[in-house]
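Open the model in your viewer and follow the stops below. Each one says what to select and what to look for.

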2 protein chains.
Amino acid sequence: MGRPKEFDVDEALCAALQVFWRHGYEGASLTELTDAMGITRPSLYATYGNKEELFRKVLDRYEQSHMCFVAQALAEPSVRSTIEKLLKGYADVLTDPMHPPGCLGVNSAVCGGEGSGAIRQELIARRSLSEDTLRERLERAAAEGELPPGEDPADWARYVMSVGLGMAVKAASGASRAELERVAELALRALPTARQDAKVA
Amino acid sequence: MGRPKEFDVDEALCAALQVFWRHGYEGASLTELTDAMGITRPSLYATYGNKEELFRKVLDRYEQSHMCFVAQALAEPSVRSTIEKLLKGYADVLTDPMHPPGCLGVNSAVCGGEGSGAIRQELIARRSLSEDTLRERLERAAAEGELPPGEDPADWARYVMSVGLGMAVKAASGASRAELERVAELALRALPTARQDAKVA
DNA sequence: TTGACACTATATCGGTCGGTATAGAATTCG
DNA sequence: CGAATTCTATACCGACCGATATAGTGTCAA
């Protein structure tokens, strides 16, 4: 009962995603958000709670829609193809002209230093979770003998994440897709090759 | 003639550096800055111009004092030792307990999205300059035959910068020095080895 | 029709932002 | 001394921040 909403909740969320992506969490003002979403300020608060909760909902949507390639990459048969799909897919998203350059999470992360509050911790936790997922995939590979003994899956997961984060910063600075793909290719060269594998074994 | 300053200009600049490092450019408020510097707001404007100019002076000091290892690394004899000193030295600074974690430039960079203004462009330009310097060092190595033919110095410089930027983000997220050193070690594995070099040649 | 209800619109809240005008205090010159 | 100069201190500027109170508007059930 009562008066129905005059806007599409999901569509407005998508508009908010674009604004947060472009300006980061703190850089996106409520005025910008409501303008882009086509709703008024009280509507935003009634529907999404507040700026923080809106951003969390945006983050969820971002991971589900734009980061869906991650799950596909983790399902790849080999470590190499997994990491390759991961970094190449990331390069694609970071430079997709349909969206602002860079990564929503990274664009919103660094700002505010260390005492800034809950959103910063939330982003750190989400990145940590992503790294854990990759590490578990690599641990499985190690258990199956694909990773040479002595190679630490945690180290490799951290390395891949670092390269990805660096690519995100470079994308936000204007790097092209081709440039980021070259970064991904060079990053892949660090992986132990079959020859090196045999040499160690 | 006139009344002398009651504070040390360089010392106050150093205090401002700490604040900007911890909170980023936009995250550092004038109140925080003046409190840390031990001066009043009009003194800050009379001495350093405004917040932007103060930050530029801080950036200069940061590069000269905390990034001095870069010049040493570029003077290393080999490509490998250059990149190793570069990444290891960066890991050191990023996790030095004497300073806030992460990189002043990166902590101040991503925030504000893409339209944020002059400071953002300044930081992008400085990073681009750093990458150019590294690329020139690698071009020299390539000309001397240290880099195998077919290897693009620009690609390698971009790759090293990306790894460094990623390390900076991870450091700001709480990564330890040991973790970043492991990232640097794995990143170094991407470098062409003597064996691969010989194989190509 | 008539409430009850949920949405929208306007105007505004206290707080903080970067930046300054103004007045008082301290030093060097003539 | 007194005038000129340069610093410091207080108080304040308009603008914007995130968040809301209040009033008006549309839609349902009874």
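At what angle do helix α10 of chain A and helix α9 of chain B pack, and how far apart are their axes? Keep in mind that this is a predicted model.

**Stop 1: two helices**

Select residues 177-188 of chain A and residues 153-172 of chain B. These are α10(A) and α9(B), packed at an angle of about 80° with their axes 9 Å apart. That angle makes α10(A) roughly perpendicular to α9(B).

Now show the side chains at the contact. From α10(A), pick Glu179(A), Arg182(A), Val183(A), Leu186(A) and Ala187(A). From α9(B), pick Asp155(B), Trp156(B), Arg158(B), Tyr159(B) and Ser162(B). Colour them by class: this contact has 5 nonpolar, 1 polar and 4 charged residues.

**Stop 2: the two chains**

Zoom out to chains A and B. A rotation of 180° superposes chain A on chain B, with 0.0 Å of shift along the axis and an RMSD of 0.0 Å. That is the relation of a two-fold axis. The same surface serves both copies, as 100% of the contact residues of chain A recur in chain B.

**Stop 3: DNA strand C**

Select DNA strand C next. It is surrounded by 24 residues. The closest are Gly2(A), Ser43(A), Arg3(B), Ser29(B) and Lys51(B).

Finish by colouring the surface near DNA strand C by class, which shows 10 nonpolar, 7 polar and 7 charged residues.

Conventions
Residues are numbered from 1 along each chain as its sequence is written. Chains are lettered from A and ligands numbered from 1 in the order in which they are written. This is a predicted model: local features need pLDDT of at least 70, side-chain atom pairs count only at pLDDT 80 or more; totals for chains, interfaces and linings use all residues. Copies are superposed by least squares on the C-alpha atoms of residues with pLDDT of at least 70 in both. Two residues are in contact if their C-beta atoms, placed from the backbone, lie within 7 Å. A residue is near a molecule or strand if its C-beta atom, placed from the backbone, lies within 6 Å of it. Ala, Val, Leu, Ile, Met, Phe, Trp, Tyr, Cys and Pro count as nonpolar, Asp, Glu, Lys and Arg as charged, and the others, Gly among them, as polar. Axes are lines fitted to C-alpha atoms, for helices over the stretch in contact, and angles run from 0 to 180 degrees between N-to-C directions. Helices (H or I, at least four residues) and strands (E, at least two) are DSSP runs, numbered from the N terminus. Angles under 35 degrees count as roughly parallel, over 145 as roughly antiparallel, 65 to 115 as roughly perpendicular and the rest as oblique.
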